[in-house]
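This briefing concerns the cavities, pockets, sheets and helix packing of one protein model. Please consult the sequence and structure shown below while reading the points that follow.

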Amino acid sequence: MNEIRKFIENIEPMSDSDWQFFSSKLQKVKLKKNSLLLKIGEVEDHLCFMRKGVVRFYVPREDHDLTFGFLFENEFVTAYDSFLMRTPSEYQIETLSETILWKITHRDLEKVYEKTDCGNIIGRKMAENMFLIKSKRELSLLSKTAEERYLDLFTDRPKLLQQIPLKYIASYIGVTPQALSRIRSRIT
């Protein structure tokens, strides 16, 4: 749990009493590789802090999945739109490695927002960060070539290239695995 507190303290200082209240609401969960955290049609009820692991966000398709996001250790994981709106998710979240999460329910997070001094500030700053990541990804898809998006991964998300199967990276940058192979051979 120290990792979560450190992460939160980097966003906004948290008093011991606020931390005590927040941490009492957390539940530790261990998942195997290829476990589904959330299926299409389910309402996201948890915000999770990933202590260990890698997850991907995707829309399953018969011929190939459409992967649109990855998260790693020491990041928050949730289908945030479903979590906020309390509506069924239109995508799935899957572990790509053994994963350890600390989870808090939507209801308990609302209590943290109500009863702690810094809960709302931390929530707002996390939401702003998620928006910036999403906005950057959308602009990249609209304004850059697949090769430029692939090269950006080297600087923006080097962990991604080391830990994620190439078929998922290809989907993430919007190309087929064969097109990614051609891009890789051109730049090496």
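The lining of the largest cavity consists of Ile8, Met14, Phe22, Leu47, Phe76, Leu109, Val112, Tyr113, Gly119, Ile122, Gly123 and Met126. The model is a predicted one, and the structure holds two cavities of 30 Å³ or more. The points below take up these cavities, then the sheets, the helix packing and the open pockets.

**Largest cavity**

- The volume of the largest cavity is about 120 Å³.
- Helix 4 (106–115) and helix 5 each contribute at least two residues to the lining of the largest cavity.
- Helix 5 provides the largest share of this lining, namely four residues.
- By class, the residues lining the largest cavity comprise ten nonpolar, two polar and no charged.

**Second largest cavity**

- Strand 3 and strand 8 each supply at least two residues of the lining of the second largest cavity.
- This lining divides into eight nonpolar, no polar and no charged residues.

## Sheets

**Sheet with strand order 1-8-3-6**

- Four strands form an open sheet in the order 1-8-3-6, and their pairing is antiparallel.
- Strand 1 (27–31) and strand 6 (75–77) are the edge strands, each of which pairs on one side only.
- From one strand to the next, the twist averages 35°.
- Three bridges join strand 3 (residues 46–52) to strand 6 in the antiparallel sense.
- Helix 1 (residues 2–11) lies across strand 3, strand 6 and strand 8 (99–105), and helix 1 runs at about 110° to strand 3.

**Sheet with strand order 2-7-4-5**

- A further open sheet of four strands has the order 2-7-4-5, again with antiparallel pairing.
- Its edge strands, each pairing on one side only, are strand 2 (36–38) and strand 5 (66–72).
- On average, neighbouring strands of this sheet are turned by 30° against each other, direction ignored.
- Strand 2 pairs with strand 7 (residues 92–95) in the antiparallel sense over two bridges.
- Leu36 has Glu94 in strand 7 as its bridge partner.
- Helix 8 lies across strand 4 (54–59), strand 5 and strand 7, with a direction at about 110° to strand 5.

## Helix packing

- The axes of helix 8 (residues 166–173) and helix 9 (residues 177–187) come within 9 Å and cross at roughly 90°.
- Helix 8 is therefore roughly perpendicular to helix 9.
- In this contact, Leu166, Lys167, Ile169, Ala170 and Ile173 of helix 8 meet Pro177, Leu180 and Arg184 of helix 9.
- The residues of the contact comprise six nonpolar, no polar and two charged.

## Open pockets

**Largest pocket**

- The largest pocket has a volume of about 1400 Å³.
- Its lining has 44 residues, and Phe68, Met130, Ile133, Lys134 and Arg137 are those that lie nearest the centre of the pocket.
- Helix 5 (residues 119–143) gives the most to this lining, with 15 residues.
- The lining of the largest pocket is made up of 24 nonpolar, six polar and 14 charged residues.
- Helix 5 also supplies the largest share of the lining of the largest cavity.

**Second largest pocket**

- The second largest pocket contains about 180 Å³ of space.
- His64, Asp65, Leu66, Lys167, Tyr168, Ser171, Gly174, Val175, Thr176 and Pro177 line the second largest pocket.
- Helix 8 gives the most to this lining, with three residues.
- By class, the lining of the second largest pocket has four nonpolar, four polar and two charged residues.
- Lys167 and Pro177, both among the lining residues of the second largest pocket, also take part in the contact of helix 8 with helix 9.

Conventions. Residues numbered from 1 in each chain as written. Predicted model: local features only at pLDDT ≥ 70, side-chain atom pairs only at ≥ 80, totals over all residues. Heavy atoms only, no water. Axes fitted to C-alpha atoms, helices over the stretch in contact; angles between N-to-C directions. Parallel < 35°, antiparallel > 145°, perpendicular 65-115°, else oblique. Contact = heavy atoms within 4.5 Å. Nonpolar A, V, L, I, M, F, W, Y, C, P; charged D, E, K, R; others polar. 1 Å grid on protein atoms, 1.4 Å probe; cavity = no way out; pocket = protein on both sides within 12 Å on 5 of 7 lines; lining within 4 Å. Points joined across faces, edges and corners; volume = space filled by probe spheres on them. Pairing = 2+ DSSP bridges.
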